[in-house]
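Please look through the sequence and the model before reading on. The paragraphs below go from one part of the chain to the next.

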Amino acid sequence: MIVVMKPGSSQKQIEHVIQVVREMGLKEHVIVGTERTVVACIGNERFKDRSALESVEGVDKVVPILAPYKMASSEVKKERTAFPLGGKIGAKVGGTKVAVIAGPCSVESKKQTMEIAQAVKESGAVGLRGGAFKPRTNPYSFQGLAEKGLEILAEAREATGLAVVTEVMAVEQVELVARYADVLQIGARNMQNFNLLNAVGEQRKPVLLKRGMSATLEEFLLAAEYIMAKGNTQVMLCERGIRTYEDYCRNTLALAAVPELHQKTHLPVIVDPSQGTGKSHLVDAMCRAAIAAGADGLIIEVHNDPEHALTDGAQSITPPQFTEMMKAIRRIAGAVDREV
Ligand code: PEP
Ligand code: MN
């Protein structure tokens with residue numbers, strides 16, 4: 001439930017509400033709005049008596065939150081959430097400006113990563129993606145450069161100012177990855193790894209949460225709720241395609257999820273057209289469609305030599321193609337009152 005304070009309620013009254021919430025065995029999450037303050041009560045509220053809160057001074061009303069996810073729900077917070085990505089550029093995700101994160105699927109070498117980072121930066125990217133820990137279907141496939149890869153990403157950030165976005169696959173990697181990364185990526189295969197969600201929830205760095213390939217939007221939002229319930233409210237949701245019977249593409253990119261999520265949550269929503277299609281020739285159109293649908297950002301695989309890429313070459317676009325795509329989405333963004 002959420003406790004809506006009267007406009008102009010005092011700090012003392014808010015503190016008293018917090019005390020009552022805690023006495024009820026719930027946790028508070030205070031959202032200070034432009035007009036009034038709202039105290040969201042987090043926890044299992046079954047059998048809790050709302051009337052105790054209703055009579056507290058300064059309280060306007062107590063409203064139940066119907067969605068099973070609470071902190072992530074737009075019922076709790078009407079304004080859209082925006083937060084900085086980190087890096088020297090200091091771009092945000094969730095505001096009017098669309099945030100474009102680009103880079104190789106995997107960090108393969110310093111030369112490869114630097115070249116791609118410079119190229120995408122020049123074309124307007126604000127974040128650099130690249131996996132140092134790769135979740136591979138086949139145990140004999142390239143698994144990533146691990147810490148060496150993270151070092152390369154940090155060097156690329158130093159050289160370009162781009163925010164580093166990289167995947168963390170396991171609880172025991174969280175501290176290491178957080179030392180190098182600006183944004184912690186939780187991959188589709190780990191969307192319901194609840195221990196990992198709790199662990200990144202303890203961090204104070206933004207999290208890019210990918211939708212599991214067979215997850216419903218409700219499961220997706222509950223995964224975000226795990227992270228937020230631990231105190232990390234900087235979560236962006238990433239639609240990266242789901243598995244269907246279709247086989248013309250690697251995944252089916254469910255772009256309707258973008259406006260639907262925008263209705264259900266205040267969190268930023270971004271799109272990954274690379275895992276979402278698996279084919280480089282489909283990436284450009286899906287980037288344009290994602291921006292038209294209202295996406296707050298994109299995460300795109302770009303490789304300077306896709307033919308020889310160690311992972312996901314078939315879905316990687318080249319730097320010149322990336323440049324063209326950026327030009328195209330600038331036009332689309334303008335048409336939907338956004339900027340790139
Ligand atoms: C990736 O971004 O390279 C990746 C492995 O993504 P996903 O978790 O969406 O499959
Ligand atoms: Mn990939």
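Which strands and which helix make a right-handed β-α-β unit with S7? Strand S7, helix H3 (residues 110-122) and strand S8 make that unit. Right-handed here means that, with the strands pointing away from the viewer, the path from the first strand over the helix to the second runs clockwise. Helices (H or I, at least four residues) and strands (E, at least two) are DSSP runs, numbered from the N terminus.

This is a predicted model, in which local features need pLDDT of at least 70 and side-chain atom pairs count only at pLDDT 80 or more, while totals for chains, interfaces and linings use all residues. Residues are numbered from 1 along each chain as its sequence is written, chains are lettered from A and ligands numbered from 1 in the order in which they are written, and side-chain values use heavy atoms, with hydrogens and water left out.

Strand S7 covers residues 99-103, and five of its five residues are buried. Buried means under 20% relative accessible area, exposed over 50%, and partly exposed in between, with a 1.4 Å probe and protein chains only. In a regular strand the side chains alternate between the two faces of the sheet. On one side of S7 are Ala99, Ile101 and Gly103, on the other Val100 and Ala102, and both faces are covered.

S7 has parallel pairings with S14, over five bridges, and with S8 (residues 127-129), over two bridges. Two strands pair if DSSP finds at least two bridges between them. Ile101 has Ile299 as its bridge partner in S14, and Ala102 stands opposite Leu128 in S8.

Glu301 is buried, with a relative accessible area of 0%. The side chains of Glu301 and Gln315 are joined by a polar contact of 2.7 Å. A polar contact is a pair of N or O atoms within 3.5 Å; within protein, one must be able to donate a hydrogen and the other to accept it, and residues adjacent in sequence count only if both atoms are side-chain atoms. Leaving aside neighbours within four places in sequence, Glu301 is in contact (heavy atoms within 4.5 Å) with residues including Gly103, Cys105, Arg129 and Asp312.

Another run of parallel strands involves S9, S10 and S11. Three bridges join S9 to S10, and three bridges join S10 to S11 (residues 207-210). Gln185 of S10 stands opposite Glu167, and the bridge partner of Gln185 in S11 is Leu208. From S10 (residues 183-186), Val183 and Gln185 point one way and Leu184 and Ile186 the other way, and all are buried. S9, H5 and S10 make a right-handed β-α-β unit, and so do S10, helix H6 (residues 194-201) and S11.

Gln173 is in the loop between S9 (163-167) and H5 (174-180), and at 14% relative accessibility Gln173 counts as buried. Arg189 is in the loop between S10 and H6; at 43% relative accessibility, Arg189 counts as partly exposed.

In H8 (residues 257-264), Ala257, Val258, Leu261 and His262 are buried. They cover an arc of only 135° around the axis, which puts them on the same side of H8; the arc is that of the directions from the helix axis to the C-beta atoms. Among the elements that cover these residues are helix H7 (217-229) and strand S12 (235-239). In H10 (residues 280-292), Val283, Cys287, Ala290 and Ile291 are buried, and what covers the buried residues of H10 includes S13, helix H9 (273-277), S14 and H11. Gly294 follows H10 and has a positive phi, near 105°.
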